[in-house]
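Biologist: I am new to this structure. Could you walk me through it?

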Amino acid sequence: MTPTARKRTPLTRYFSVVSVVSMLTLGVALVATTSQLSRDRAIEEGIETAQTVQAYAQAPVPLDAHTLGTLSPEQRAAVVASVDGFSTRLVALRLWAADGEMLFDSAAADPSGFPDGQRLDMAVRSNTPNARVVTDVQGDLNLLSSTGTEREVLDVYVPIDYGTVVVGAAEVVLDYSGTAATLTKGNRTITGVVAVGLLLVWLLLYRTVRKFSSRLQSTALDNARLALLDSLTGLPNRRMLLDRLARAVETAAEVGTGVGLVMLDIDRFKDINDSLGHDMGDELLAQVALRLQAALRDDDLVARLGGDEFAVLVPAIRSAKDAEGLAERVRTVFTEPFQLGEMELHVETSIGVACIPEHATDGSSLMRKADVAMYTAKVHRLGVAVYSPHEDDSSPARLVLLGDLHRALTQPDELVLHYQPKIDLRTGATIGVEALMRWEHPTRGMLPPGLFVPLAEQTGLINDLTRFALEKAIEQIAAWQADGYSLAVAVNLSAHNLTSFTVVDTIVELLDKHQVSPDLLEVEITETALVADPSRILPVLTRLDGMGIRVSIDDFGTGTTSISQLRDLPVTQLKIDRLFISDLESNPDVCGSEIVVKAMVDLAHSFGLVVIAEGVEDARTASRLAALDVDQAQGFLYSKAVPPAEIAAARAALVPTQRQSPEELDPRHAISDRPNPSSPPADLPIRTP
């Protein structure tokens, strides 16, 4: 038997049993009801005939005959004559007085006998006929003999009344055999018609149910297939992946192997959909699915999770290194362009890798951690990233740190701002400072912003952190003014802060509260953040510039700002990324980085912008920067970021007595606790609001 038949059998069998029982019950009830109605109607007709016979028989009988309980021979003869017309059907006629005395018996000249007392009483008392079908032995009119041929007769007690007085009853016995035969024949006919009719109805219903069952099974199979497969690519979907993942985890636990999961999505797929249309986007997804299937082993399960997101399940793997190697092979799928109509399209992908037991212990956590790794690859443009708890915002340690950060914002002394001087390379004077946030954690000690600012950006706490930094910085500007000198302070803003005018309103409020001039506040935003969402950020920067607040592009050279954008940006300063400065330090001779820096400086100066170099570690680099016309510098050559109380001492150490060139600045004048220039700067990864 085929699987389809096996699935269909229970439904058709159920219908067969239920429908046959129902049809039989209906047929029996219908035949029984019809038969009963026919019998009742036949008896009603017999009663009507009996009443007619009684009327004819009563006509020659006077009332006093019932009182006396006897009929004269003449009266008896008159009764016989009056009912002579019913002889073909009348079997017997008896007249009974109310007390049970027989007045007349058509079968005997000398009447004698006893009535059915109960039926006689019922007829007399209710004044209604009482009929009963009984079996008569033909030739025995007294219905008492056991000889002769049996036949069905209708025995009716018909009340005899004179006016309103019931004086007795006439027992009329009619031949019922013909009626009984007719009823029997009619019942057979009805039974046959009902049986044939119900059988035809059942066959029609069975055929309909069977056809419906077949369609239902076909639909169920299609639904089952669609429930496990992606309709666009034909790949297994998320549901099937989860099922196979659960099996793989169980098997791996039994045999001692690992399970790998590779998750990927297509970079800028939304832009492809928006610019080329959803049809082209679907075609791209279908081609990606085909390439993935062709590039992987038969044992590896390729699934589409939805949208442009795919996953590869590696059910048996030795280590995360092997899974990473497979991910690199998956990445090669995107090396060749995709042919979409007449157009060749190059696309890139971000791939995340997670494994059991290295990163997770069950399928659910493995899926989540592979997704975290994929997000890491996308954010940092790594192509392939293996799961790292440091990038996992929902890891227990990160959650604890986030809770501590919430608490720190309510404490007076945990979050603090340190300040790093910015030096004019032509005069050696301190012309401003950059505010850098530190967290004096009660149990973990001093934490740099690289540990908590990204967490704040990813959880929405960055706005509170930014307000804290702005308020502390503006308070410090006011405090220095009260001490008799003005010093501009630069505060780093996140791209999250600049997507609405809320940060502008906050700055206006704080400047007014502390009576600080806007030209003493600078804001810095990274070039990468600027190009990520320029349509929302530029209006905010334009308003800040209009207020007299200087705007700087931080980490310049790492983004993709075009010359036309740079010309139109409401900025006053560019800060060259420390990557280019490090190249200058590591190459004493003229190198490509020097040419790049010179090009940046000339471009910025052509637009009237001030150029600042960050991460300056030695006097030789400072001298080369000055020769390249860089305007300002900051770094450990001059001072690390220090608490506000130490800024006065740092300024005194850095301000020269006469105009000096950078190479004449003695590094011994810098803050004494700066690290060895050969060591990496502590603020290298830090960008703080």
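**Loops, burial and helix packing**

Biologist: What should I know about the model before going on?

Modeller: This is a predicted model: local features need pLDDT of at least 70, side-chain atom pairs need 80 or more, and totals for chains, interfaces and linings use all residues. Numbering starts from 1 along each chain as its sequence is written, and side-chain values use heavy atoms, with hydrogens and water left out.

Biologist: Is Arg268 buried or exposed?

Modeller: The test is relative accessible area: under 20% is buried, over 50% exposed, and in between partly exposed (1.4 Å probe, protein chains only). Arg268 has 56%. That makes Arg268 exposed.

Biologist: What is the phi of Arg268?

Modeller: Arg268 is not a glycine, although its phi is positive. The value is about 55 degrees.

Biologist: How many helices and strands does the protein chain have, and what share of its residues is buried?

Modeller: The secondary structure comes to 21 helices and 21 strands. The chain has 689 residues. The buried share is 44%.

Biologist: Of the contacts with a separation of 6 or more, what share joins residues 24 or more positions apart?

Modeller: A contact means heavy atoms within 4.5 Å. Contacts in the chain with a separation of 6 or more form the total here. Residues 24 or more positions apart account for 67%.

Biologist: Which residues does Leu345 touch?

Modeller: Leu345 is in strand β10 (residues 343–345) and is buried, at 15% relative accessible area. Leu284 is 61 residues away in sequence, yet its C-alpha is 9.1 Å from that of Leu345. Leaving aside residues up to four places away in sequence, Leu345 touches Ile272, Leu276, Leu284, Pro337, Phe338 and Leu340.

Biologist: And which residues does Gln476 touch?

Modeller: Gln476 belongs to helix α13. At 16% relative accessibility, Gln476 counts as buried. Residues up to four places away in sequence aside, its partners are Tyr419 and Pro644.

Biologist: How are α13 and α14 oriented to each other?

Modeller: Axes are lines fitted to C-alpha atoms, for helices over the stretch in contact, and angles run from 0 to 180 degrees between N-to-C directions. Angles under 35 degrees count as roughly parallel, over 145 as roughly antiparallel, 65 to 115 as roughly perpendicular and the rest as oblique. Helix α13 (residues 462–482) and helix α14 (residues 502–514) pack at about 25 degrees, with axes 10 Å apart. The two helices are therefore roughly parallel.

Biologist: Which residues of α13 and α14 make the contact, and how many are nonpolar?

Modeller: From α13 come Thr466, Arg467, Leu470, Glu471, Ile474, Glu475 and Ala478, and from α14 Val503, Thr506, Ile507, Glu509, Leu510, Leu511, Lys513 and His514. By class, three residues are polar and five charged (Asp, Glu, Lys and Arg count as charged; Ala, Val, Leu, Ile, Met, Phe, Trp, Tyr, Cys and Pro as nonpolar; the others, Gly among them, as polar). The nonpolar residues number seven.

Biologist: How is α14 oriented to α16?

Modeller: The axes of α14 and helix α16 (residues 534–546) come within 9 Å and cross at roughly 20 degrees. That makes α14 and α16 roughly parallel.

Biologist: Which residues of α16 make the contact with α14?

Modeller: On the α14 side stand Val503, Val504, Asp505 and Ile507. On the α16 side stand Val540, Arg543 and Leu544.

Biologist: How do α6 and α10 lie to each other?

Modeller: The axes of helix α6 (residues 238–255) and helix α10 (residues 363–379) come within 9 Å and cross at roughly 120 degrees. The pair is therefore oblique.

Biologist: Which peptide bond is cis?

Modeller: Look at Pro357, in the loop between β11 (349–356) and α10. Omega is near 10 degrees. The cis bond runs from Ile356 to Pro357.

Technical notes. Helix = DSSP H or I, 4+ residues; strand = E, 2+ residues; numbered from the N terminus.
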